[in-house]
Amino acid sequence: MPQVSEEREKAPVASPEPAEPAKKTSRAGRNLPAAIGVGLLLGAAILVSLLTVRYLFIGIIAAAIAVGTYEFAQALGRAAKIRLALVPLLVGGQAMIWLAWPFGYRGALIAFAVTVLACLLWRLPGGAEGYLRDISASVFTAAYLPLFGAFAAMLIPPADGVGRVLAFLIGVVASDTGGYIAGVLKGKHPMAPSISPKKTWEGFTGSLVAGVVAGSLTLTLLLDGHVWQGVVFGVAIVLTATLGDLVESLMKRDLGIKDMGTLLPGHGGLMDRLDSLLPSAVVSFLLLSAFLP
């Protein structure tokens, strides 16, 4: 017995296997190659439409609004049991976009009013339970998606419509990209920690710098604008793009979801890309109409 004890004592103790290094979470917070690839494809489709038959861009807006509306309806249904009047929203949303082309904001507003009436009627057979909740969400959706999207469609008809659309899109992309890079590299002070913890004041500063540069260049090189107009335009786009991001982040927190959908790898759903574009479309139309009537 003692001999066995000695052998056990002399037996080499197996050293524990080295633990696998913990996977580092990218500060980017998403699949960057996939996000870049999807962004380039979307950008290419938009550029092709603008540089060939510019009115094709309205078709891209209409398709994006339809997909975004469907995603939003699915998210609200899954997370909060809210039943949107989906058919009137899809049909009325297309009417808002396409009537904005020949008739401007009057066509969009008339289509919006008719869509709201259709939503009220569509939800009637569902009974009283949740009626006000569902109708309120339906009216909000009609305004937030197709009505805001109609302002992007109204940028196209003027003779310099391609330049107006590019100024709008480049401004939003510059704001998002500048904020993203500055936030990843230098972000330390959260801007709204209870709403979007990754959004920082350093990122917002990066958005402002990029947005002002983009606005100054696009309004002077693509349109007959002045530098000061480009600066105002750039600041306004940064503010509305940031507001759009925060608003959708707050909605997703309220619903308890991470993304509105899964259609776009590295981005989430299409709604997760429209958040900064939709309010910026309204401000772009208003400012460009004032600066370049």
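Rings of Phe, Tyr and Trp (its six-membered ring) are taken to pair if their centres lie within 6.5 Å, and planes under 30 degrees apart count as stacked, over 60 as edge-to-face and the rest as tilted. The model is predicted, so that local features need pLDDT of at least 70 and side-chain atom pairs count only at pLDDT 80 or more, while totals for chains, interfaces and linings use all residues. Residues are numbered from 1 along each chain as its sequence is written, and side-chain values use heavy atoms, with hydrogens and water left out.

**View 1. An aromatic cluster.** Phe72, Phe140, Tyr144 and Phe148 are joined into a cluster by ring pairs. A search of the whole structure finds eight aromatic pairs.

View 2. Because they are three residues apart in helix H7 (residues 201-221), Trp201 and Phe204 are separated by about one helical turn; helices here are DSSP runs (H or I, at least four residues), as strands are (E, at least two), and both are numbered from the N terminus. Trp201 is partly exposed, with a relative accessible area of 44%, whereas Phe204 is buried at 14% (buried means under 20% relative accessible area, exposed over 50%, and partly exposed in between, with a 1.4 Å probe and protein chains only).

**View 3. The aromatic pair Trp228 and Phe291.** Trp228 and Phe291 also form an edge-to-face pair, with 5.6 Å centre to centre and 70 degrees between the planes. This pair links distant parts of the chain, since Trp228 belongs to helix H8 (residues 227-255) and Phe291 to helix H10 (residues 277-291), 63 residues apart. Trp228 is exposed, with a relative accessible area of 52%, while Phe291 is buried, with a relative accessible area of 16%.

**View 4. Helix H5 and its kink.** The 23 residues of helix H5 (residues 131-153) should span 33 Å at 1.5 Å a residue, and the end C-alpha atoms are 32 Å apart, which agrees; the expected span is 1.5 Å times one less than the number of residues. A kink of about 25 degrees lies at Ala143 in H5, shortly before the proline Pro146, the bend being the angle between axes fitted to the seven residues ending at a residue and the seven starting there.

**View 5. The chain as a whole.** The secondary structure comes to ten helices and two strands, and buried residues make up 45% of the 293 residues in the chain.
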